[in-house]
Amino acid sequence: MKAVCWMGKSKIETQVVNDPQLLNPHDAILKITSTAICGSDLHLYDGFIPTMEAGDVLGHEFMGIVEEVGPAVDNLKRGDRVVVPFTIACGNCLFCKKKLWSLCDNTNPNAHLAETAYGYSGSALFGYSHMMGGYAGGQAQYVRVPFANVGPLKIESDLPDEKVLFLSDVFPTGFMAAENAQIQEGDTVAVWGAGPVGLFSVASAYMLGAARVICIDRIPERLALARSIGAITVAYEDEDVSVLTALRDLTGGIGPDGCIDAVGLEAHMGDAQGLYDSVKTALMMETDRPGVLRQAIQAVRKGGTLSIPGVYGGLLDKVPFGAAFGKGITMKMGQTHMQKYMKPLLERIEKGQIDPSFIISHRITLDDAPGMYEIWRDKKENVTKIVIDPWAEGAATNEEPAKVARTA
Amino acid sequence: MKSPLTEMPKADVLPIQSGAAALLEGHYAPPPADEDGKLWVRTSTIIQAHPRKLYEMWRDVEAAPTWHERILEVVRTGPSTSHWVLKDEPGEKILEWDFEILADEPEKRIAWRSLYGEPESAGEVIFEPAPGNRGTMVTVLEQFRMGKFSRAWKALTGRDPKQSVIENLRHFKAMAETGEIPRIEPQPHGERGASGDMKRSVYGEKITTPPGTVSGRGIAVNE
């Protein structure tokens, strides 16, 4: 089959690899019908996430048709159409029983690596480094899904792929971010980053009762999307704009009740702070660039809540913990407990409360994917979300991959 | 002694001592230090299963190859003795030894030691209710004597012998809770190149994951 492989920092190739096979009793093999590139894949592309190996198959946002199931999978059969969550959970350990699915004990074969780095290992993820399990991902034509009795969500309606595909990660992740912001009716919520997770955080904050949502980014088409779902936007690179002043101005001077960092470890910072973090990460004295985290801690109101869906991987420098303590804030974060959110969010889609496909800007083939990683990383071509049809033939010209876009 | 705290309505009755020497007179005790060529390892986990089931799984020595790394075969040689065979990567016998069970307390504790010289090891496993009724706490304490066998262990198995004990308990837990052991080999991948292959070795991925139930010799663990 064809698969998108990580071959080193800033090096992605589409290669022909072996088909996956059933390895364990609870496995299923899926023929992938739609898959996507996630903003967090860019952290892999840029080499920020340790324990990637050359040849690793990328991709953790995918859906498809069940091809084959292992002997212990009794809830799925060949031909079922499913969306697969990016976190792999066993359903039986103490953490799964507490519905903390992304902290499952039993799915990471390389748990010892995560224990060394983090103390304890969370659940395994598809296509997201060997510390996180080393499972081959789904930017491919087929994928092996472990614990298929627990993760995959059956789609029994005729909703098109593009409306349900984002149940695999970014919609639930944005929703949990809004839930983690502990929104009370009437709250003002600020969201950093108008990428897919940020946009779904905006939409979810309104679903949970926010009166006003403010979204911060620098890319005009992303800010336009945020406004299209009701957010007030702040373009932080505009002349004379200070995000902290803007948030005070828009909240009557008290700051947002909830702040959501939907950016994570590769925050873009143009000033001296950006230079500081670039130097420290280059010298390996720091692993992450926490510009948004610092700003959000500063911006949140007294007693407010900071929710962090953006990925952080290692050690952060100059985080204003005194401000966090001084204002008595709450911080909530972590990988999404997918299995808790997929079904209720599918119901919202089925009821027509939201059509998640509004974020899609590019529809490409597997052969286009390596070029698109670069284009997205460099913020060219107005990319907001890239969806891959793994069975579409051929590559577009390297100059303009978007031209192979097919209509949904 | 009368406690100044007079109300602890939901507290467990606290153990004064525990197995595996983690608790002595109500005070935490660290694992014994390595000395004179003797290595100690203590590790514990919480498993969502009844102590009886876990005791029976552990006591079924002939099923050990389904969840022990690199164990080719275990044969029961008497009511309390068994013969163990370790294999190398192609699956050939490379080391053999015998274990004798010294203490056997159903649902609570099993202790064992090796017989007849190298490899020299001894260990115990304790099954006790986890605090707050959150499953069963399983603690393993093992000791190895560094001889030519132990020195060779890392070269033969790719793991520090202490880490092997930790990984085997992890496999045991996965078997007990899910009926399988998570694995990624073999799976699709692009060209690994020199660095990819080196990393697989560093990450411990060249150690074959024990078969779990897939071997067909299966211990039925799903209740």
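Predicted model: local features only at pLDDT ≥ 70, side-chain atom pairs only at ≥ 80, totals over all residues.
Residues are numbered from 1 along each chain as its sequence is written, and chains are lettered from A and ligands numbered from 1 in the order in which they are written.

Chain B averages a pLDDT of 85, with 89% of the residues scoring at least 70. Residues 214-223 of chain B stay under 50, and the model has 17 contacts for them beyond four places in sequence; a contact means that the C-beta atoms of two residues, placed from the backbone, lie within 7 Å. For the complex, the predictor gives an ipTM of 0.91 and a pTM of 0.92.

Now for the interface between the chains. Contacts bring together 34 residues of chain B and 41 residues of chain A. On the chain B side, helix H3 (161-178) and helix H4 (193-202) are the elements that give two or more residues, and H3(B) gives the most, with 7 residues. By class, that side has 7 nonpolar, 15 polar and 12 charged residues (Ala, Val, Leu, Ile, Met, Phe, Trp, Tyr, Cys and Pro count as nonpolar, Asp, Glu, Lys and Arg as charged, and the others, Gly among them, as polar). The loop between H3 and H4 of chain B is also the place of B:Pro186, which is joined to B:Glu185 by a cis peptide bond with omega about -10 degrees.

Chain A is assigned domain 1 (2-169 + 337-404) and domain 2 (174-333), with bounds that come from an automatic or database domain assignment. Taken over C-alpha atoms, the centres of the two domains are separated by 26 Å. Their contact takes 16 residues from domain 1 and 15 residues from domain 2. Helix H1 (39-45) and helix H12 (338-350) of chain A each supply at least two residues of the domain 1 side, where the largest share, 3 residues, comes from H1(A). That side divides into 7 nonpolar, 6 polar and 3 charged residues.

H12(A) turns up again in the helix packing. H5(A) and H12(A) pack at an angle of about 105 degrees, with their axes 9 Å apart (axes are lines fitted to C-alpha atoms, for helices over the stretch in contact, and angles run from 0 to 180 degrees between N-to-C directions). That makes the pair roughly perpendicular; angles under 35 degrees count as roughly parallel, over 145 as roughly antiparallel, 65 to 115 as roughly perpendicular and the rest as oblique. The contact joins A:Phe171, A:Pro172, A:Phe175 and A:Met176 of H5(A) to A:Met338, A:Tyr341, A:Met342 and A:Leu345 of H12(A), and its residues are 8 nonpolar, no polar and no charged.

Helix H5 (residues 170-180) of chain A also packs with helix H6 (residues 196-207) of chain A, at about 55 degrees with axes 7 Å apart, so H5(A) and H6(A) are oblique to each other. Residues of this contact divide into 11 nonpolar, 4 polar and no charged.

Conventions
Helix = DSSP H or I, 4+ residues; strand = E, 2+ residues; numbered from the N terminus. pLDDT = per-residue confidence, 0-100.
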